[in-house]
Amino acid sequence: MTSKFQGLFAAGLLLSTLLACNTGDGACGDGVVQRDRGEACEPGLLLEETCESLGFYPGTLACADCGYSYVGCGGFCGDGRVQAAFGEACDGDDLGGATCVGLGHAYGTLACLPDCSGLDTTACRLLAMVEVPGGTFQRDDDPANLSTVTGFFMSVKEITRAQYWLVMGRDPTDETRSSGPGDPVQNVSWVEAADFCNELSRREGRDPAYQFNYPYATRVVSVNLDADGYRLPTEMEWMWAAMGADTAAPGAVNRTGHLTPFAGSDGENAPGDFAVFGYGSGEEGATRFNRTEPTCRRQPNILGFCDLSGNAREWVQDQFFEWPAGPLTDFHRKDIYPGDTRVLKGGSWTSKAVWLALSYRVECREFEQQAGFGFRVVRRGPR
Ligand SMILES: [Ca+2]
Ligand SMILES: [Ca+2]
């Protein structure tokens, strides 16, 4: 009784299966997709998948050897090839020939954003920096007035117009006082220079050195000299770099550097070989043009810094104050008041030769923008 019932049931199941569908012979090309045999499709039978549903850009999905063929699809982010038609700017190692240097940076490794929408410049480094060792020097005529600075890195060049544009998206320079985008940026206030420093720090993943007033961000309320981000050099750091630090006698106190007549001077050479200066002065070596020059056209000083004297004046960190007497280490005034006056160093293309001296300082209010006012930057953090 039981076996007769089972036989009848089995026969009925076989019959209904045969009537319901064609199971094919299991081969690729039998018109039936056997998933248990690893088939994804049969020619002309794509099971309603499309290029997009499978994660590709639009195109024509095909079936080959019972597997999906994506050659007719538009590619995807991660295939190592750039599909500009689908909004890709790059893909993996294919950066369309772009490099950090080609984008205006000094060095570094360019990458592609994970979604292929653009280039990732976070490992690019905008500025070539030279390390300045720490040390001690006599800052004025009094042998007791010694300044000690901790080692730091400083930009080889004044910040150029092209560099400023890359970071801030604008260029305030008066074109009639400049020969081109490789010239130092001008018309930058001290506050704007600090803003540039913070923005560059953020782009490179460093701690911003300047704290601005919240929420207006119109002025700086404090600076952290120990941050690993960019900032303006203190007047003492600027002078120390300009005199060549302790290169002449490593480790010794530099007693005479403050008397240096221009950055790069060895007492014998001429300022015109090292500095863009003296327009209209008639002095020997003076520039004939009433404008800046591209940075590093003239010879650098012994540490490799260009244009510390001349070309654009350079804002430094410090307020314009009388230095306290005696030895000072990394001295800077922490209290910052609205409208403080700041120091500019080095003179400009309009300065007479005597104003190229390392000791020479100019004072201006921190929010003023003037032709010839530029800057360079330092940081303590490593590369
Ligand atoms: Ca791609
Ligand atoms: Ca300069």
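The model is predicted: local features need pLDDT of at least 70, side-chain atom pairs count only at pLDDT 80 or more, and totals for chains, interfaces and linings use all residues. Residues are numbered from 1 along each chain as its sequence is written, and chains are lettered from A and ligands numbered from 1 in the order in which they are written.

View 1. Two strands pair if DSSP finds at least two bridges between them. G135 stands opposite V149 in β9.

**View 2. The loop between β4 and β5.** C116 lies between β4 (111–112) and β5 (119–120). Its phi is positive, about 65°, although C116 is not a glycine. C116 counts as buried, with 21 C-beta neighbours inside 10 Å (buried: 20 or more other C-beta atoms within 10 Å; exposed: 12 or fewer; partly exposed: in between; C-beta atoms are placed from the backbone).

**View 3. The loop between β14 and β15.** D330 is found between β14 (328–329) and β15 (341–345). D330, a residue other than glycine, has a positive phi near 45°. With 15 other C-beta atoms within 10 Å, D330 is partly exposed.

**View 4. The loop between β11 and β12.** P215 sits between β11 (210–212) and β12 (220–223). The peptide bond joining Y214 and P215 is cis, with omega about 0°.

Notes: Helices (H or I, at least four residues) and strands (E, at least two) are DSSP runs, numbered from the N terminus.
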